[in-house]
Amino acid sequence: RLPGGLLLQNRLLWLGISSSALIFTVWRCRLDLSEIRAPWKSLLSRSKRRTATLSPPVSALDVQPRFSHRDSLSQYSSQLKMDIASLLKSPLLYVLLLGSIATVLAESGNHYNILSNDPYYPFTRLMLNVFYYGLYTLIMMVAIYYSGVLIHRENESGVSEIVGASPYADWIMPASKTVALCFIAIALLITAMLTSIILQASAGYTNFEIGLYLKSLFVYTGFYYAMLCVLAVFIQILAPNKWFGMLLVFAAFIALAGLPSLGVEHILVGFRIPFAIYSDMNGYGPASAQVFSLIGYWGFFCILLLLAGHLFYRRSSYSTLRDRVRHARLRTNRAVASTFAIAALGFITVGCWIFYNTNILNQYRSTKDQQQLLAEYELNYGQYLRSPAPSYEQLSMEVDIYPEQRRLESRGHAI
C-alpha cells in the first residue's frame, strides 16, 4: 500500500509516462507504408528522410477481374472439398456405413437352397442383389437428410450473405452439393462391396470378380441412386427451408414407389432403372440394352433438373418466388440455353427410341394385362385340370443353348 503522502506524486509520474507513450505513438503512426521504418533506422536517417522525394500516392487501382474456366474449376474444387469435409464430420454418416455392413450380413444369411436348406456358395452374382434392394432404404435416408443439410448449410451457418456476395459462378454451388451427396451414396456402395468381398473370402471363395462389382456399383445400381440424389437436391433448392424440403423429398420418393400400385408401370414414367439380373452364362444378357438406354434417357432428364436447380438456386438469404424467377431469367445465358436445348432434344430422342422398341416393335403388357391373360388361361384350360395326361417311361433329349443369340436347339425322343 502506497503512503498517503506519495499518492499524488505516483499518479503524476505514471500519467506523464503514459502521455509520453501516446505522443510517441501518434508521432510514429504513418498511413503511407513507404514511411514505416524501424525506430533505430529512423533516428539514423532523419536527415535523409527529410530530403528524400516521396513517391506519388496511388489515386486509383486498375484491377481487371478475371473469371476464367480454370478459376471456376478451382473454386468448384474448393467448395466440393468443404462440402465433403462437412459430411465427414457428421456422426450419422458413420451410422449409415455401419448400416450398410449390417445389411450385407443380413442379406448373405438368406442365401439358402429352398429344397435342401443348404447355404449357397457365395458367388459374386448372388452378392449383387443387396446393392439394388438392400441398400435402397439407406440411400433414401441419405438423399432425404443430407440434401437438406448441404443445400441449406451456408444459411444455417449464418454466412449465406457473405458467400452470396463472393465472386463465383452460379453453377458451382448446386453442382458441388449434388456431387457431395452422390459421394455418400458411393461410399455406402463401396462399403457394401468390401463387406461382400470379406464374406466371400471367409467362405473360401476367391474369384471376387472386381470388374463385375464395379460395373454393378457404378452402372447398373449406382446411376439409379445418383438419379435419386439429383432429384432430392432439386427439390431442396425449390423448398423454402430444410425441414419442409425433407418432407417434400420424402413425399416424392413415396409417390415414385407407389406408382406401380396405381397402374403407372411404364419405364418412361417411373423415374427408375429396373434391376438387371446377372447370369454366369450370358452376363446381363438383353437387360443391358434396356439399362443403357434408360441411363441415357434419365441422364438427360437429370441434366435438365440440374439446369433448373442452377437457375433457381439462392445465392444469399431466402427470397420470394418472384425474385427467384427474376434471378433465373438473368442467369439464362447462351450456354445455359444451349445445354438445355441439347439435353431436351436428347431426352425426347431417347424416349422415342425406347417407346418404339417397347410399344411398337414389341408388345407391351402391364401387370394388369398379365393378370388378365392368366385369368383367361384358367378359364380356357381349367376344365382339363383333372383329365388324364400321358406319362413318359423313357425320355432322351439333347439341348444346345446359345445365350448370345437368345435361342436353343433341342432334339430327342420319348417313349
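**Close-up views of a predicted model**

Figure 1. The largest cavity has a volume of about 160 Å³. The structure shown is a predicted model, and a search of the whole of this structure finds four cavities of 30 Å³ or more. Fifteen residues line the largest cavity, and those nearest its centre are I151, N155, Y313, R314 and S316. Two helices, α9 (153–157) and α10 (160–165), each contribute at least two residues to this lining. Sorted by class, the lining of the largest cavity comprises seven nonpolar, four polar and four charged residues.

**Figure 2. The overall setting of the close-up views.** The chain contains 17 helices and two strands. Of its 415 residues, 33% count as buried. Among contacts in the chain with a separation of 6 or more, 73% are between residues 24 or more positions apart.

**Figure 3. The largest pocket.** The space in the largest pocket amounts to about 580 Å³. This pocket is lined by 22 residues, and D170, W171, L307, H310 and V336 are the closest to its centre. Helices α4 (69–88), α11 (172–202), α14 (287–312) and α16 (334–360) each provide at least two lining residues. The greatest contribution to the lining comes from α11, which gives five residues. The lining of the largest pocket divides by class into 13 nonpolar, seven polar and two charged residues.

**Figure 4. The second largest pocket.** About 340 Å³ of space lies in the second largest pocket. Its lining consists of 13 residues, with I267, Q290, N357, T358 and N362 nearest the centre. Helices α14 and α16 each supply at least two residues of this lining. With four residues, α16 gives the most to the lining of the second largest pocket. By class, six of the lining residues are nonpolar, five are polar and two are charged. Both α14 and α16 also supply at least two residues each to the lining of the largest pocket.

Figure 5. S176 lies in helix α11, the element that gives the most to the lining of the largest pocket. The residue S176 is buried, with a relative accessible area of 0%. Leaving aside residues up to four places away in sequence, S176 touches Y76, Q79, L80 and D83.

**Figure 6. The aromatic pair Y132 and F275.** The count of aromatic pairs in the model comes to 21. One of these is formed by Y132 and F275, whose rings are tilted, with 5.3 Å from centre to centre and 50 degrees between the planes. Y132 belongs to helix α7 (residues 129–134), whereas F275 lies in the loop between α13 (242–258) and α14, so the pair ties together parts that are 143 residues apart in sequence. The two partners are assigned to separate accessibility classes: Y132 is buried, at a relative accessible area of 9%, and F275 is partly exposed, at 24%. Ring pairs also join Y132 and F275 with Y133, Y136, Y224 and Y225 in a cluster.

**Figure 7. The aromatic pair Y377 and Y381 in helix α17.** Y377 and Y381 form a tilted aromatic pair, with 5.0 Å between the ring centres and 40 degrees between the planes. Both residues lie in helix α17 (residues 367–381); because Y377 and Y381 are four residues apart in this helix, about one helical turn separates them. Y377 is exposed, with a relative accessible area of 53%. Y381 is partly exposed, with a relative accessible area of 48%; the limit for the exposed class is over 50%.

**Figure 8. The charged side chain of R407 over the ring of Y402.** R407 lies over the face of Y402. The distance from the ring centre of Y402 to R407 is 4.1 Å.

How values were computed:
Residues numbered from 1 in each chain as written. Predicted model: local features only at pLDDT ≥ 70, side-chain atom pairs only at ≥ 80, totals over all residues. Heavy atoms only, no water. 1 Å grid on protein atoms, 1.4 Å probe; cavity = no way out; pocket = protein on both sides within 12 Å on 5 of 7 lines; lining within 4 Å. Points joined across faces, edges and corners; volume = space filled by probe spheres on them. Nonpolar A, V, L, I, M, F, W, Y, C, P; charged D, E, K, R; others polar. Phe/Tyr/Trp six-rings, centres within 6.5 Å; stacked < 30°, edge-to-face > 60°. Buried < 20%, exposed > 50% of the residue type's maximum accessible area, 1.4 Å probe, protein only. Lys NZ or Arg CZ within 6 Å of the ring centre and 35° of its normal. Contact = heavy atoms within 4.5 Å.
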